Amino acid sequence: MTTTRVAVPRKGRPLEAVLERLAGRTGTTDLADDIISTLRYEKAVTKGNQDAVADVYHRISDYSSLDAPYEPEYTLLRDDRDGMPRRIVFDSVTVPTEHGDVQLVGREEPFRALRTHEFALGFDSADLVLEEVVQLRDEPLTAIHEINDRIDPLDTDVRVVTGLGDTVYHTLLATPEVMDTQDGPLDRSFVTNYEGELCISPRYERLVEAVLGTSALDGVSFTYPTEGGEEEADIAATGLGVYLTVTGSTARDHGLELGEQLFPSETVLLENAHERTERTKQVASLFEEPEETALQSV
């Protein structure tokens, strides 16, 4: 039976979300747990939080088995931090499903692999879609299901299908002093009436413009965290910022108030519509559980 290839990230929360969703549908929980625990261990080794019992080449040899078709494979990726060794990351695994074998294939940039028609299906962060292809408008983009309406069909054939529910939010943060300059809650309207600096991560500049709306940013100038600094501390020094907030506890440690959750950062299933077949539609259905996701409709 034909194998359907699906592009996935090589590491991190998005890959874990894909593995867990597929495991829930196929009963391959032990396989998913093995891959996740291996990659978490390797991340700890890379960060110096764990001592490795063997060198990287022996470890990758132990993890991989070319003679076992349904066992995971790993590869080496050069870590981008100075002085760090090569890091072991996910390469591929084949999982039998009711719709035939599904091969998850690790890619550094799954979304871009779909854009070049290398894959029909893939997973990546919704953030990256905003950064890459959504049109900037005066009106804010407030939910994942609005993304497809802002993709120029002449720009790409890729569309968002569903999300995986691993949601954290880009959130407005402000010091009490800045909040006292206006009445009302810390939300998009606050930014509309605000003039001054807004601290954001530079990699999220276009995303912030999309989710706030360009008209809200009149009179606002972006500043960026210092190299190697703590992002919440820089937001506190600026007075107002946008941060990818998980719990908010660190923000509060810096005296920051949490405001509106602007946009969900979630792993999303992407499809290149030009490559759609009946089989890819069936495989996509393995991952669809919209009641668990910030994406309610597309």
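Ala284 sits in helix H11, which spans residues 278-285. Helices here are DSSP runs of H or I with at least four residues, strands are E runs of at least two, and both are numbered from the N terminus. This is a predicted model, in which local features need pLDDT of at least 70, side-chain atom pairs count only at pLDDT 80 or more, and totals for chains, interfaces and linings use all residues. Residues are numbered from 1 along each chain as its sequence is written, and side-chain values use heavy atoms, without hydrogens or water.

Is Ala284 buried or exposed? Ala284 is buried, at a relative accessible area of 5%. Buried means under 20% relative accessible area, exposed means over 50%, and partly exposed lies in between, with a 1.4 Å probe and protein chains only. Apart from neighbours within four places in sequence, Ala284 contacts Leu121 and Leu269. A contact means heavy atoms within 4.5 Å. Asp127 stands 157 residues from Ala284 along the chain, and their C-alpha atoms are 20 Å apart.

Now the interior. In soluble globular proteins, nonpolar side chains tend to be buried together. The largest nonpolar core here holds 41 residues. Such a core is a set of buried Ala, Val, Leu, Ile, Met, Phe, Trp, Tyr and Cys residues joined through side-chain atoms within 4.5 Å. Leu130, Ile147, Leu198, Val208, Leu240, Phe263 and Leu270 have the most contacts inside this core. Helix H8, residues 205-212, gives the most to this core, with 5 residues. A second, separate core has 30 residues, including Val6, Leu19, Leu104 and Val283. Look again at Leu270. Not counting residues up to four places away in sequence, Leu270 touches several residues, among them Phe111, Leu114, Leu121, Val129 and Val160.

Next, the largest pocket. Its space is about 1,800 Å³. On a 1 Å grid over the protein atoms alone, a pocket is an open set of points where a 1.4 Å probe fits, with protein on both sides within 12 Å along at least five of seven lines; lining residues have an atom within 4 Å of a point. Which residues are closest to the centre of this pocket? Of the 48 lining residues, they are Lys11, Gly12, Pro14, Arg203 and Tyr204. Helix H1 supplies the largest share of the lining, 5 residues. Elements that give at least two residues each also include helix H2 (29-46), strand E2 (73-78) and strand E10 (240-245). The lining divides into 17 nonpolar, 8 polar and 23 charged residues.

Charged pairs come last. Side chains of opposite charge can pair when their charged atoms come close. The model has 13 salt bridges, each a side-chain nitrogen of Lys or Arg within 4 Å of a carboxyl oxygen of Asp or Glu. Asp91 and Arg10 form one of them, at 3.7 Å from N to O. Asp91 lies in strand E3 and Arg10 in the loop between strand E1 and H1, so the pair ties together parts 81 residues apart in sequence. Asp91 is partly exposed at 26%, whereas Arg10 is buried at 15%.

Arg40 pairs with Glu16, with the closest N and O atoms 2.7 Å apart. Arg40 is in helix H2 and Glu16 in helix H1, 24 residues apart. Glu16 is buried, at 17% relative accessibility. Glu118 and Arg107 meet at 2.8 Å, N to O. Glu118 is in the loop between helix H4 and E5, and Arg107 is in strand E4. Glu118 is partly exposed at 37%, and Arg107 is partly exposed at 23%. Elsewhere, salt bridges with shared partners join Glu109, Arg112, Arg115, Glu132 and Asp155 into one network.

Terms used
Points joined across faces, edges and corners; volume = space filled by probe spheres on them. Nonpolar A, V, L, I, M, F, W, Y, C, P; charged D, E, K, R; others polar.
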